[in-house]
Amino acid sequence: MLESEVKKEIINKFKRHEKDTGSPEVQIALLTKRIEALNEHFKKHRKDFNSRRGFLKLIGRRRKLLRYLQQTDPEKYIKVISELNLRK
């Protein structure tokens, strides 16, 4: 899980308005941070297959959010992709 300070920092960076916590940009950024943390975990614990299932579900959720953002607002999609250094 993410620390609350890191989470607040990510939300402040990607929010659309003052009280925004659930826009696609924020959700994608938070999921990306969690995916990076789990990726580091799997470098140490290669046989942790139960956590790997959750990891793959996070990747699928992020992919769906990215597809939604690309269809609704391509400019924000490109901005989020470039700021998070994702491959698309």
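Student: This is a predicted model. What makes lysine 76 partly exposed?

Tutor: Its relative accessible area is 30%. Buried would need under 20%, and exposed over 50%. The value of 30% falls in between, so lysine 76 is partly exposed.

Student: How do you know that lysine 76 and glutamate 25 meet in a salt bridge?

Tutor: Take the N to O distance between the two side chains, 3.9 Å. The cut-off is within 4 Å, for a nitrogen of Lys or Arg and a carboxyl oxygen of Asp or Glu. The pair passes at 3.9 Å, so the name salt bridge applies.

Student: What does the pair of lysine 76 and glutamate 25 tie together?

Tutor: Lysine 76 lies in helix H4 (residues 74-84), and glutamate 25 lies in helix H2 (residues 24-44). The pair therefore ties together parts that are 51 residues apart in sequence.

Student: Why is glutamate 25 called buried?

Tutor: Its relative accessible area is 4%. Buried means under 20%, so glutamate 25 qualifies.

Student: Which salt bridge does glutamate 25 form with arginine 16, and at what distance?

Tutor: The two side chains meet at 3.1 Å, N to O. That is within 4 Å, so this pair also counts as a salt bridge. Arginine 16 is partly exposed, with a relative accessible area of 46%.

Student: Why do lysine 43 and glutamate 40 count as a salt bridge?

Tutor: Their side chains come to 3.4 Å, N to O. The limit is 4 Å, so the pair is inside it. Both residues are in helix H2, three residues apart, which puts about one helical turn between them.

Student: Why is lysine 43 exposed, while glutamate 40 is partly exposed?

Tutor: Lysine 43 has 51% relative accessibility. Exposed means over 50%, so lysine 43 passes. Glutamate 40 has 46%, so it stays in the partly exposed class.

Student: How many salt bridges does the rule give?

Tutor: Four. Bridges with shared partners join Arg16, Glu25 and Lys76 into one network.

Student: Which residues make up the patch of positive charge on the surface?

Tutor: Lys7, Arg34, Arg53, Lys57 and Arg61. Helix H3 (residues 49-72) gives the most, with three residues.

Student: What about the charges of the protein chain as a whole?

Tutor: There are 24 positive and 12 negative side chains. The centres of the two sets lie 9 Å apart.

Student: Which elements build the protein chain?

Tutor: Four helices and zero strands. From the N terminus on, the order is α-α-α-α. The C-alpha trace spans about 40 × 30 × 20 Å along its principal axes.

Student: What share of the 88 residues is buried?

Tutor: Buried residues make up 30%. The accessible surface comes to about 6800 Å², and 48% of that belongs to carbon and sulfur atoms.

Note on methods. Residues are numbered from 1 along each chain as its sequence is written. This is a predicted model: local features need pLDDT of at least 70, side-chain atom pairs count only at pLDDT 80 or more; totals for chains, interfaces and linings use all residues. Side-chain values use heavy atoms; hydrogens and water are left out. Buried means under 20% relative accessible area, exposed over 50%, partly exposed in between (1.4 Å probe, protein chains only). Helices (H or I, at least four residues) and strands (E, at least two) are DSSP runs, numbered from the N terminus. Accessible areas come from the Shrake-Rupley method with a 1.4 Å probe; for residues, only the protein chains shown count as cover. Lys and Arg count as positive and Asp and Glu as negative; His and the chain ends are not counted. The place of a charge is taken as NZ of Lys, CZ of Arg, CG of Asp or CD of Glu. Patches are made of residues with over 30% relative accessible area and no salt bridge: like charges are joined within 9 Å, nonpolar side chains (Val, Leu, Ile, Met, Phe, Trp, Tyr) within 5 Å.
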